[in-house]
Protein chains: 2
Amino acid sequence: MESTKKYNILVGQSGGPTAVINASLYGVIAEGMRHNEQIEIVYGMINGIEGFLDGKCMELSRELSLGEIELLKYTPAAYLGSCRYKLPEDENDAVYTRLFQMLEEKNIGAVLYIGGNDSMDTVSKLSRLAEKRNSPIRFLGVPKTVDNDLMYTDHTPGYASATKYVATTVREICLDSSVYHQRSVTIVELMGRHAGWITAASVLARKYGEDNPRLIYLPEWAFDMEQFAADVEEAFLHTNNLIVCVSEGIKDKDGVFICEYGDGTIGTDTFGHKMLTGCGKVLENFVKERFGVKVRSVEVNVSQRCSSVIASQTDIDEAAMSGAFAVRAAMEGETGKMAAFKRLSDTPYQITCELVDVDAICNLEKTFPMEWITENGTNIGEEFLNYVRPLIQGEPLRRYQDGLPVYVYRKR
Amino acid sequence: MESTKKYNILVGQSGGPTAVINASLYGVIAEGMRHNEQIEIVYGMINGIEGFLDGKCMELSRELSLGEIELLKYTPAAYLGSCRYKLPEDENDAVYTRLFQMLEEKNIGAVLYIGGNDSMDTVSKLSRLAEKRNSPIRFLGVPKTVDNDLMYTDHTPGYASATKYVATTVREICLDSSVYHQRSVTIVELMGRHAGWITAASVLARKYGEDNPRLIYLPEWAFDMEQFAADVEEAFLHTNNLIVCVSEGIKDKDGVFICEYGDGTIGTDTFGHKMLTGCGKVLENFVKERFGVKVRSVEVNVSQRCSSVIASQTDIDEAAMSGAFAVRAAMEGETGKMAAFKRLSDTPYQITCELVDVDAICNLEKTFPMEWITENGTNIGEEFLNYVRPLIQGEPLRRYQDGLPVYVYRKR
């Protein structure tokens with residue numbers, strides 16, 4: 001591929017959906033189309049690298065109308081479909097030869113892969129292999145994860161919208177719980193297997209300092225049942241309607257997940273991650289037995305990651321920005337890098353994009369800073385509020401039809 | 001109380017919260033203040049009739065600013081607090097003498113009670129007792145329930161916002177479920193112990209006729225596990241990512257709740273209602289064992305009733321209208337009645353308020369019409385769509401501060 005010759009780019013989505021993974025896709029498509037002097041077609045792989053290997057692919061820049069491309073910014077989940085496919089460790093596996101052949105046949109100059117930790121592993125493998133094979137194809141990562149657990153980036157696109165959803169929903173649940181004067185406990189179980197970023201956001205639900213949720217537990221802090229009972233006891237001195245927010249992945253000092261204290265089914269996904277369920281239920285039963293009060297547990301579930309109705313406009317804009325930035329980086333010859341955010345200041349909030357090596361990122365996890373956890377593991381400090389508040393600003397002006405939000409769907 | 005003398009009115013909220021129970025409260029306060037030639041103060045009982053008996057009361061028209069009264073329209077849950085208090089059956093119980101004394105001391109001319117079925121029972125008892133005691137105090141009901149199960153009203157305030165929340169959320173869950181190409185089933189458990197109104201609304205989530213959710217089960221239709229397995233089998237012919245929406249209260253032909261097939265804890269609330277949990281989990285395990293596919297269950301939980309971020313503006317307006325209508329009815333000397341909605345036409349959608357006897361309403365339940373359930377209990381007919389679509393129109397322009405919705409809170 002000569003630098004004067006036009007080439008095509010290929011974009012894919014991988015891992016779990018978020019509210020803004022399609023905003024990143026929008027950024028890639030829009031930036032690709034803006035550079036039509038160099039880039040001919042923006043291809044999209046259907047169901048990630050796995051689907052592409054099966055020959056599933058579409059011409060995004062030609063098949064979508066401009067209106068549909070615009071609407072991607074406000075459509076949750078993964079427009080192109082996703083996969084949880086792990087490339088083989090053996091570099092000589094036939095799958096690689098086939099993949100590079102397919103890319104060459106389509107005159108792909110750059111592959112943009114939107115995803116989380118595991119997707120960055122894919123970008124890392126392929127960029128290193130391209131070098132070994134003397135292939136000019138560039139591989140760039142665009143970050144995406146509600147978990148906010150990628151290293152070397154201030155935050156990840158998707159996290160802010162999850163945060164805004166959680167803060168809003170917990171604030172509503174606090175109101176819902178406050179209507180009866182009888183003593184009650186509501187356990188709200190939030191996402192977060194290993195990192196407490198999402199659960200920490202429940203602190204935003206408070207309208208004043210001592211308000212609910214009064215107890216917030218993250219997986220980073222060793223959870224202790226007896227200490228929890230003491231915390232609940234103490235909280236009842238201040239409120240009759242106690243809200244407790246917990247990460248699904250809270251564990252004790254020996255590393256045993258609290259959900260394993262119950263009879264919750266535990267499985268593992270294709271990456272060997274433990275699949276958790278039910279620490280909320282375990283705590284519900286514990287409080288019921290110990291205190292004899294009205295208790296309920298609420299699992300906020302998938303809407304945390306896939307609801308776009310409570311999305312952050314800042315998140316949408318930044319997701320699009322990171323997608324566009326990755327395209328420009330690829331055009332400048334970069335490969336094996338991820339578009340990261342660097343914060344320049346909190347007030348006024350300013351960030352810029354920069355490139356970081358995917359090798360440095362993949363298979364690492366950025367957990368919640370221990371020094372931001374306060375009051376013996378039950379509260380979140382002011383530093384986090386300064387960090388997170390700028391991210392949730394702005395409400396998108398959504399398109400509604402017949403009372404429901406309008407999204408763009410892929411023809412199947 | 002002479003008709004020329006000024007009097008006060010008293011408003012209370014009872015039963016579970018909704019997105020618009022405070023909009024009804026707004027209607028009562030605003031209408032009361034508009035008639036200041038006759039009505040001196042709009043009092044609010046804190047925690048319903050139970051709290052009022054304990055002396056908990058506030059002067060709404062004096063303690064709240066106009067801005068706060070306006071903000072009530074957009075604040076979910078029950079601003080005044082609620083109760084689940086059942087008045088004694090014995091008319092000679094001392095509680096009644098005390099209650100009427102307290103009302104007379106405060107120069108109350110009319111009591112407006114915002115609530116569901118059980119609250120209308122309270123209105124019925126008190127209005128009949130007032131008559132027997134030759135008390136001039138009028139008792140009027142303002143309907144409220146997400147369940148839409150009150151008789152003699154086209155629908156109930158609160159239902160439309162729950163519906164809009166469910167339709168939007170299920171549409172997002174459908175997108176979330178569609179990202180992987182591997183066969184999967186998502187069971188979405190929605191509110192509805194005996195009436196399928198809320199769950200039926202999941203049909204609105206479809207963007208085209210054959211779309212997900214492909215299977216919808218209401219409590220009105222006898223659920224059969226083997227038929228369900230056959231339905232799932234058939235659905236897999238059309239989609240790889242099946243979404244099944246079920247009411248929490250689905251039961252078999254013998255009246256046994258499906259959640260009782262599992263090990264879900266069952267309790268009863270103070271009115272003797274069975275408290276259900278977990279038919280979604282039961283179906284999840286059933287599908288997993290029978291089909292060996294990826295299955296998850298999502299319990300949409302309390303946000304259905306308490307989220308105001310996806311509220312229907314039509315619902316908000318109508319809730320306010322019914323509150324105001326009840327105040328005017330009370331001023332005209334009506335008692336023992338509820339403000340009901342009568343639909344004049346579907347297109348254009350037009351409703352009017354009318355009065356119905358609370359005696360006729362309380363302790364009855366309006367279930368989902370059997371003739372609107374189609375395809376052997378798995379789908380919802382067009383008649384329902386015509387009924388429900390007008391109700392979910394309009395999105396409130398919310399006030400946001402620092403990225404989160406602004407609500408009005410009662411000082412405690």
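Reader: Helices (H or I, at least four residues) and strands (E, at least two) are DSSP runs, numbered from the N terminus, so where is Asp402(A) found?

Author: Asp402(A) is in the loop between strand 16 (400–401) and strand 17 (404–405) of chain A. Before going on, please keep in mind that this is a predicted model, in which local features need pLDDT of at least 70 and side-chain atom pairs count only at pLDDT 80 or more, while totals for chains, interfaces and linings use all residues. Residues are numbered from 1 along each chain as its sequence is written, chains are lettered from A and ligands numbered from 1 in the order in which they are written, and side-chain values use heavy atoms, with hydrogens and water left out.

Reader: OK, and what is the phi of Asp402(A) near?

Author: The phi of Asp402(A) is near 55 degrees, which is a positive value in a residue other than glycine. At 45% relative accessibility this residue counts as partly exposed, where buried means under 20% relative accessible area, exposed means over 50%, and partly exposed lies in between (1.4 Å probe, protein chains only).

Reader: And Ala77(B), is that one buried or exposed?

Author: Ala77(B) counts as buried, because its relative accessibility is 1%. Although Ala77(B) is not a glycine, it has a positive phi of about 65 degrees, and its place is the loop between helix 4 and helix 5 of chain B.

Reader: Since you mention helix 5 of chain B, at what angle does it pack with helix 6 of chain B?

Author: Helix 5 (residues 94–105) and helix 6 (residues 117–132) of chain B pack at about 80 degrees, with their axes 12 Å apart; axes are lines fitted to C-alpha atoms, for helices over the stretch in contact, and angles run from 0 to 180 degrees between N-to-C directions. Helix 5 of chain B is therefore roughly perpendicular to helix 6 of chain B, given that angles under 35 degrees count as roughly parallel, over 145 as roughly antiparallel, 65 to 115 as roughly perpendicular and the rest as oblique.

Reader: Which residues make the contact?

Author: Helix 5 of chain B contributes Tyr96(B), Leu99(B) and Phe100(B), and helix 6 of chain B contributes Lys125(B), Leu126(B), Leu129(B) and Ala130(B), with contact meaning heavy atoms within 4.5 Å. These residues divide into 6 nonpolar, no polar and 1 charged, where Ala, Val, Leu, Ile, Met, Phe, Trp, Tyr, Cys and Pro count as nonpolar, Asp, Glu, Lys and Arg as charged, and the others, Gly among them, as polar.

Reader: Changing topic, what rotation superposes chain A on chain B?

Author: A rotation of 180 degrees, with 0.0 Å of shift along its axis, superposes chain A on chain B with an RMSD of 0.0 Å, by least squares on the C-alpha atoms of residues with pLDDT of at least 70 in both copies. The two copies are thus related as by a two-fold rotation axis, and 100% of the contact residues of chain A recur in chain B, which is to say that the same surface serves both.
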